[in-house]
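Here is a short briefing to read alongside the structure. Have the viewer open and follow along topic by topic.

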Amino acid sequence: MIWGIFKRDMCHATRNVIAVIVSMGLVVVPALYAWFNIAASWDPYGNTKALKVAVANNDKGYKSDLIPVRVNVGETIISTLHANDQLDWQFVKSDKAIDGVKSGEYYAAIVIPKGFSADMMTLFSPDIKHAQLKYYLNEKINPIAPHITDQGATTVVNTIDKTFAKTIAQVGLDLASSILHYSQSPQMAEYMRNLNGNLTTMADTLSGASQQVTSYSQLLGSANDIVDSTGKLLASATKAGKQAQNALKQGKSGATSLTSAGANVTSSVNTALDQVSGAFDQVAAKVNKAFDAIGKDSDTAASQLATLSEQISSGESLYDTYITSLNHMRESVEQLPDSDSAKQALLEAIDREITLLEAAKGDSQKLAQQLKDASTQVTQDTAAAERSRKEILNRITSAKQSISNVRDDYATNVKPKIDALASTVSTLISQTDSMITQLSGTADGLDDVTGDVGTNVTSIRSTLGAIAKKLDSSAATVKELIAKLETGGNAGDGNSDGGNGGNDASSSDSGESDELRALATANASTLSTLISAPVALHRVSVYPIANYGSAMAPFYTILSIWVGAIILCAMLKVTISDREKAHVLGLGDTLPRIAGPSGPGNASCWGLRLDHEYFGRYAIFALLALLQGTLVCLGDMYFLGVQANHALQFLAVGWLAALVFSNIVYTLTVSFGDIGKAVAVVLLVMQVAGSGGTFPIETLPKFFQMLYPFLPFPHAIDAMHAAMAGSYGNEYLLDMVYLSLFLIPSLLLGLVLRKPVIRLNNWVSRNLESTKVM
């Protein structure tokens, strides 16, 4: 009987194309439900690079007496984040950052306050303040997958906290390390050596000054000789001043001569260059005249061109003379002191003038050569002569331009600098003359003072004795400071020990110096990582899962199998019509009237019992459910790539879950009709929340923890986890047995308790139909 019902159901399900398509859809739709959800949650935490986080830097920086360099930690953090790709950092103003968080444009925003660097640098002061960042976070929950979004938000917050803690720690360590490195650098050692040298020199100078003062005090005993010597010295100074004044007068005359010579040179240069430029104009006219005569008298034209070539060659001496004059002038300028600011500029101007003259000389030489060549060509080739004519005229124009450049450069660069130099020399001589005059007057005044010196010798000697004592005391203080610096340097180098007279304090200083040196030579990145996360978590995976998608696959796979069972009961009939019963029994198209009203069990008198109807119709449900489970499990493993260390066990879980879930939903539907379908949906919702497929069951409310063992989802999910990653002991077999036990109450309801339930269901159906709405 069961086989007959199943065979007719299969014939009906494959009778036409629409039936086949619907049957295939019943198998495929649950698999799509699972695959879309697993694929969507495959790696949600690997895409945090797309999360936009705004960063605004308002840090004004800080500069202290300890570190006389402006430090801006905010800028350092921004530079570090530019190289960080954990998040999509957006560098904007603070107002835009906060508004972007409110509008949802940015996931979060970090604002660096104005006094951030100042608060960080309190590390070097007694009043330490915590440097704080303002962190704005948009905590809106994703309505589609709140558990994934919430976990992702927590992960992002932890990422930001750790990244900034590491960045800030690295900035602080870099600053401290840089200072320590600088203190131990060769430059600092050189500074310390120079300081010790300068202090030693200062001590020697103070000691020498004390000796000199003492000696001078003794020399004052012979005051008359000193006064006489001073008078003679003043007389000598006065005489030397007069000699210097005479020399200055000669220098002033020389400066005037330099100015006059510069003016004469300028006049002669301009005259000579104007003559050369005019001569080139005459040469151009003669060249044109000579070439015009080529057709008439080539010999005369050749003679004229040769004459012009000789004239231009003879004029090259003018350039040599001018260049020689400029070289003499350059030698004179080189005698000026290097401190004179006008010296180098004037030398460069003279060199440029010489270069221009040499270029003009070269143009003249080339012009002479071209004229000479043209004189031999005019009698040979008329066409070549015409080309030579154009080249010679162009060369004349170029030579004139060179002369013009020489004249302009001399007038613009050389002449003003010569005038300025002469003016500077005159001013300097006048100032020096005035100073010598004042010195002579001072010497005359001092000559009057020397007469009164003898009366004050005793008082001066007493004062000088006190000064000598002060100088000796200062020298002793400086030498003591040098000794302390040398002791500190030895302690810093770690070379002081008990054998060298070191004590506990120096040993302690040496140990601290070694620790600081170790800190400076360590990797700042490693230290900052240690400070930001002092406790490292060494993760040892037990039964590792490849990725988040694989971890979520059991939950979505089991859920899709239950959804598939509900879809089957929604699309397929769970009851058998009297016509189908008659065909199975071989009674034709209808049952005899003796069968009574249509309904379950009305053909039992012909041998078609209630259990036959139950299993006969359930057979097609079981077949489609097994196909659903097979497709979704195979797709998980070979389409999505879900981890499955034991593929056959993975498939077995899907098959068993498909049979158990389809039987439960089928039994509820065949027993309670549409109400049974509603109960199946309610069970689905309860198991989504209380199965422990997403959150650990211990984190759920007490009601779900109590309900947990009596739901099929948890056991199916645990069995699938064991098949994917490995089983501890008999864990897999026990979960499969627990899942199978849910068939007992389902079959009990469908086979034993069905008769009273059928009457109840019929009564409910009649009342619903009487409403004409339900």
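Buried residues account for 37% of the 774 residues in the protein. Please keep in mind that this is a predicted model. The protein has 25 helices and four strands, and several of those helices come up below.

**Overall build**
- Of the contacts between residues at least 6 apart in sequence, 77% join residues at least 24 apart.
- The protein exposes about 43400 Å², and 58% of that comes from carbon and sulfur atoms.

- Val-17, Ile-18, Ile-21, Val-22 and Met-571 together make a nonpolar surface patch of about 500 Å².
- Helix H2 (residues 17-40) gives the patch its largest share, with four residues.
- Met-571 belongs to helix H16 (residues 548-571).

- Helix H22 (residues 712-725) has 14 residues, which at 1.5 Å a residue should span 20 Å; the C-alpha atoms at its ends are 21 Å apart, in agreement with that.
- Is H22 enclosed or open? With 12 of its 14 residues buried, H22 is largely enclosed by the rest of the structure.
- The buried residues of H22 include Phe-713, His-715, Ile-717, Met-720 and Met-724, along with several alanines, among them Ala-716, Ala-719 and Ala-722.
- Two prolines, Pro-712 and Pro-714, are also among the buried residues of H22.
- Which helices do these residues meet? The buried residues of H22 pack against H16, H18, helix H19 (647-672), helix H20 (674-690) and helix H23 (731-741).
- Just after H22 comes Gly-726, with a positive phi of about 125°.

**Aromatic pairs**
- How many aromatic pairs does a search of the whole structure find? The search finds 10 of them.
- Trp-35 counts as buried, at 14% relative accessibility, whereas Phe-639 counts as exposed, at 60%.
- Phe-621 and Tyr-666 form another tilted pair, with ring centres 4.9 Å apart and planes at 50°.
- This pair also links distant parts of the chain, since Phe-621 is in helix H18 and Tyr-666 is in helix H19, 45 residues apart.
- Phe-621 and Tyr-666 are both buried.
- Ring pairs join Phe-621 and Tyr-666 with Tyr-614, Phe-615 and Tyr-618 in a cluster.

**Ala-622 in helix H18**
- Ala-622 is part of helix H18 (residues 610-640).
- Is Ala-622 buried or exposed? Its relative accessible area is 11%, which is under the 20% cut-off, so Ala-622 is buried.
- The C-alpha atoms of Ala-622 and Asn-663 are separated by 7.6 Å, though the two residues are 41 residues apart along the chain.

**Points to look at together**

Terms used
Residues numbered from 1 in each chain as written. Predicted model: local features only at pLDDT ≥ 70, side-chain atom pairs only at ≥ 80, totals over all residues. Heavy atoms only, no water. Buried < 20%, exposed > 50% of the residue type's maximum accessible area, 1.4 Å probe, protein only. Contact = heavy atoms within 4.5 Å. Areas by Shrake-Rupley, 256 points an atom, 1.4 Å probe, with all protein chains shown as cover. Patch = residues over 30% accessible without salt bridge, like charges linked within 9 Å, V, L, I, M, F, W, Y side chains within 5 Å. Salt bridge = Lys/Arg side-chain N within 4 Å of Asp/Glu carboxyl O. Expected span 1.5 Å × (residues − 1). Phe/Tyr/Trp six-rings, centres within 6.5 Å; stacked < 30°, edge-to-face > 60°.
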